[in-house]
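Me: Hi! I'm new to reading protein structures, could you walk me through this one?

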Amino acid sequence: MRWDDFRRSENVDDVRDQGGGGGFRFPGGGGGIGIGGLIVVGLVSWAFGIDPRLILSGLESIQGGGSGYEQQAPGQKRELSQEEKKQGEFVGAVLAQTEDVWTELFKATGQQYRQPRLTLFSGQTRSACGRAAAQMGPFYCPDDQRVYLDTEFFDELSQKFRAPGDFARAYVIAHEVGHHVQNQLGIMAKTMQARERANSEEEANAISVRVELQADCFAGVWANRAQARFNIIEAGDVDSALRAATAIGDDTLQKRMGGAVVPDSFTHGSSAQRVKWFKTGFQSGDPKSCNTFSGSL
């Protein structure tokens, strides 16, 4: 993926140098959460949530209260490694491209795109939606209109989930920005209300799946428009994004945890569905193609 020669967004707040990372680790690591917590985390940590309060409240109930990860005393500022600095540059370049693409798309419909901010952190930080921890994976907080990202996630995506490459990482960022687009269009508020009115957990989950698949489709729209405008895609890039989408499907995650695949428990969609909707947005380049709330998925 070409990104070095493009502008960087001014909406990135990098607090990775502030120390005191701590946090709990990924499933299989030396964490401080019990088996129940691992089950919950295994199902959601690699799927990009829209409101981390739901995840945190789940962890707290499993552990009988508490934050869900061990607290550590704040540390002194540290020097970022060259690799960390490069990752920060990459995130800034991708976020800038999403700004350009969505500003243009909103303008075409007579609307103004309000750019989100993105916080890069290490281990844990605070958001308007509650604590942000590396274990949760990237997420968008509608309360402060920010994307939160610990860049160590990129290493896990590459090593554990075998989805390496800059374009796979860009897909992650574009998906979270897709939630910001939903927030601005009023889609997020409506679906949250619909979830609250749902008659069952299965019904609420089904709404969440449609929200997440639309964000995947919006990520595909970004990829299409960014390619047309900036010529960013190189050989193998699209396959890289599709591997990432496959790796974080609910069915794939459940299989990784060694359990049965339970479609009624899906909150983000199957691997096939995530791939399908990213492709839909990528092939059309049109947000109107991303109506995941009508018909079958």
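Reply: Happy to! Keep in mind that this is a predicted model.

Me: How many helices and strands does the protein chain have?

Reply: The protein chain has 10 helices and 6 strands.

Me: And how much of it is buried?

Reply: Of its 297 residues, 52% count as buried.

Me: Which residues have the most contacts inside the largest nonpolar core?

Reply: Those are Phe90, Trp102, Phe167, Ile173, Trp222 and Ile232, in a core of 54 residues. Several elements supply at least two residues each, including helix H3 (82-108), strand S2 (117-121) and helix H5 (166-185).

Me: Which element gives the most to this core?

Reply: That's H7, with 10 residues.

Me: Now H7. Why should its 30 residues span 44 Å?

Reply: Because each residue counts for 1.5 Å, helix H7 (residues 201-230) should span 44 Å. The C-alpha atoms at its ends are 43 Å apart, which agrees.

Me: What comes just after H7?

Reply: Asn231 does, and this residue takes a positive phi of about 55 degrees.

Me: Last one: what about the surface?

Reply: The accessible surface of the protein chain is about 12900 Å², and 47% of that belongs to carbon and sulfur atoms.

Notes. Residues are numbered from 1 along each chain as its sequence is written. This is a predicted model: local features need pLDDT of at least 70, side-chain atom pairs count only at pLDDT 80 or more; totals for chains, interfaces and linings use all residues. Side-chain values use heavy atoms; hydrogens and water are left out. Helices (H or I, at least four residues) and strands (E, at least two) are DSSP runs, numbered from the N terminus. The expected span of a helix is 1.5 Å times one less than its number of residues. A nonpolar core is a set of buried Ala, Val, Leu, Ile, Met, Phe, Trp, Tyr and Cys residues joined through side-chain atoms within 4.5 Å. Buried means under 20% relative accessible area, exposed over 50%, partly exposed in between (1.4 Å probe, protein chains only). Accessible areas come from the Shrake-Rupley method with a 1.4 Å probe; for residues, only the protein chains shown count as cover.
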